[in-house]
Amino acid sequence: MLLWTFILIFLTLVAIYFYVSNVFGAVSESVRASASLNSDKITGIINVLQASPSVTCNRYALPRIDCTLRIDDMRVNFTDNKNQISYINYYLQSPVTVRTGSGLIEIACDPSTEKAIYMARCGNEIIISESAITCGAVAC
Amino acid sequence: MSEESPTITESLLYLIKFIFSAGVIIFIIIMFTNFRPVMKLNSMERLSIEMAENMGQHSLVADRMVFDKDKLDFYDGTINEPYVRQCEYGYDAKITLMEETQCQANSECNNFCSNACRISQITADNCKCDKVCQCQKNNAWIKNPEWLFGYDRHVAPYYGEESSSYIERTYPVSIRIPNPQKPFSYYDDAKPAVMVLSIYDTWLTRLSCMIETSHRLKKTQTIKIPCITFRSSLSRECSFPLAKKTGNILCLYDMQSGVKSFTNDCRYFETPFQDFYYYYSEEYKEKVFLKSVPIKTQSLLPSYTQLCSSIPAAAIAGESDAVETVALCIEKTMPSGKTSCDQLNAGECIQYGYPCVWYGHPTQDPRGCTDMSVSTLVPCAYTGTLEMYCASFASAVCQIESPVNSAPSMNDRNVFCLKRSIQGTFIPANLYSPSDPDYGTYGINGGKCLCKKGETQAGGTIVYRWTDGTDYYTYNGP
């Protein structure tokens with residue numbers, strides 16, 4: 001009887017160990033790849049930059065998944081290409097304008113390497129770019 | 001040799017062992033069952049904080065989080081969302097000065113009253129001292145000056161079926177009120193205040209954002225059509241009326257005797273667009289699509305646009321065109337292999353959002369659907385559960401904008417709709433006679449078609465009243 005109990009407890013602990021590590025792995029993966037969360041976070045950064053002093057910079061690392069980030073004159077659109085999930089968030093409109101070059105920034109994430117998006121408040125505008133930004137004479 | 005039966009202790013231990021083993025197995029199965037993580041982003045809460053941060057930073061303020069009284073005065077009582085706004089969500093801000101002004105005589109309150117209530121002619125009726133200064137603003141006595149501006153959602157005469165959401169958060173701020181005794185000094189002129197910021201997510205904010213996005217990005221936007229039900233209407237009726245009340249004030253409205261009755265759900269909105277209305281049964285919501293289309297040449301639009309197919313391609317703005325206005329329209333799809341709503345059977349009518357049309361007696365099978373286009377003349381004589389569409393046809397007839405010089409003919413759809421008894425027996429129009437109780441229930445008033453609408457009162461009595469057809473007849477038939 002005692003032996004049986006020990007065997008069962010041992011099996012239970014092994015199962016819990018594998019379960020917990022799997023669950024945490026899956027949750028962190030789904031959070032990392034979440035279109036809504038990524039879109040929300042990038043929108044939040046743009047909103048906060050609008051209320052920040054000039055030469056405030058931010059680098060946002062894109063997840064290593066098959067995804068596409070589009071930022072236009074009004075909104076942030078993050079698409080998880082693998083699961084075909086797209087999420088759009090509108091950022092605030094204020095006297096600080098958001099400069100997206102030709103009106104649209106489109107960045108394809110790379111599952112093999114880490115890509116990042118750079119955002120900086122420079123004077124009365126926010127510059128968004130795929131490469132590091134120089135704000136006036138100051139490099140971010 | 002006889003077999004020994006187990007003792008009670010052995011049986012009990014065996015039972016415990018069995019339950020324990022089964023429990024472990026079930027536990028392991030549950031653990032490896034599929035799960036789906038759900039994230040709650042609290043977007044509106046976060047937006048409220050970011051909005052407050054931005055409002056405290058930009059042009060409304062004299063310094064960071066110190067609001068300028070003159071600018072607050074300028075926007076007080078308006079529905080503007082000045083300097084900072086979010087396309088999808090509307091907001092209103094109520095900023096209240098925290099300190100009261102102590103006094104012993106009315107004359108000590110003049111400065112308070114002119115500042116707090118912006119009174120130019122101060123009298124004892126609008127400005128008084130009752131230990132603290134008080135003045136009259138919007139027919140109420142106030143002790144703490146307050147400023148309110150933003151999206152006008154504080155009185156809602158109706159609610160969308162899909163619940164609107166809103167959050168309210170309070171932030172500590174200051175207001176700079178210059179001291180007239182020390183005009184060149186900044187000492188003691190920042191007064192403590194609180195700002196209550198409410199963020200709203202409603203159909204009006206979403207629709208206004210959809211139109212604005214089409215205009216700014218020159219792209220057609222699409223949503224599944226919601227159901228906005230007016231309280232005054234009977235159930236199962238959805239209406240979708242959107243227009244500018246005046247200037248840049250966008251509102252939802254209701255039709256009362258052919259006149260737009262604007263609700264208090266209004267938003268400051270500068271984007272030009274074509275007024276739009278659409279009436280439909282609740283069962284068709286989420287089955288048709290509402291689109292906002294950027295238009296480069298407004299003159300190419302038909303006088304009345306409801307279906308997207310009626311917008312000529314030449315009128316739609318491309319990326320290099322300037323957008324003159326934005327048109328809202330309804331788009332429906334067809335099952336593969338079918339090109340016209342007449343080819344749909346009853347089930348497909350419901351599935352694809354086309355109202356079914358019954359001809360003649362209610363026991364007859366439906367013969368097809370209609371796209372509810374104004375130009376489609378469909379006899380409407382069904383007395384069953386889909387009878388409301390009769391009224392919607394009547395609505396179409398009655399919404400002819402040019403004056404109607406003669407009474408509608410007996411074959412007009414609105415007249416057909418009226419030709420039924422309250423018992424549900426269909427009376428063909430040509431059998432209608434002056435002796436019928438409803439005879440003459442159509443006519444002209446102010447250049448508009450009128451017909452009679454029956455409403456079931458408590459106890460089952462049906463009361464008729466005149467209507468211009470812009471509201472529905474929802475008699476459910478026998």
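Helices (H or I, at least four residues) and strands (E, at least two) are taken here as DSSP runs, numbered from the N terminus. The model is a predicted one, so local features need pLDDT of at least 70 and side-chain atom pairs count only at pLDDT 80 or more, while totals for chains, interfaces and linings use all residues. Residues are numbered from 1 along each chain as its sequence is written, chains are lettered from A and ligands numbered from 1 in the order in which they are written, and side-chain values use heavy atoms, with hydrogens and water left out.

Helix α5 of chain B takes in residues 203–217. Among the buried ones are Trp203(B), Cys209(B), Glu212(B) and Leu217(B).

Just past the helix comes Lys218(B), in the loop between α5 and β11 (221–224) of chain B. Lys218(B) is not a glycine, yet its phi is positive, at about 60°. Its relative accessibility of 26% makes it partly exposed.

Asn138(B) also has a positive phi, near 50°. It belongs to the loop between β5 and β6 (140–142) of chain B and is exposed, at 71% relative accessible area. Gln134(B), in strand β5 (residues 132–137) of chain B, is buried at 8%. Leaving aside residues up to four places away in sequence, Gln134(B) touches residues including Phe112(B), Cys127(B) and Trp141(B), where contact means heavy atoms within 4.5 Å.

Conventions:
Expected span 1.5 Å × (residues − 1). Buried < 20%, exposed > 50% of the residue type's maximum accessible area, 1.4 Å probe, protein only.
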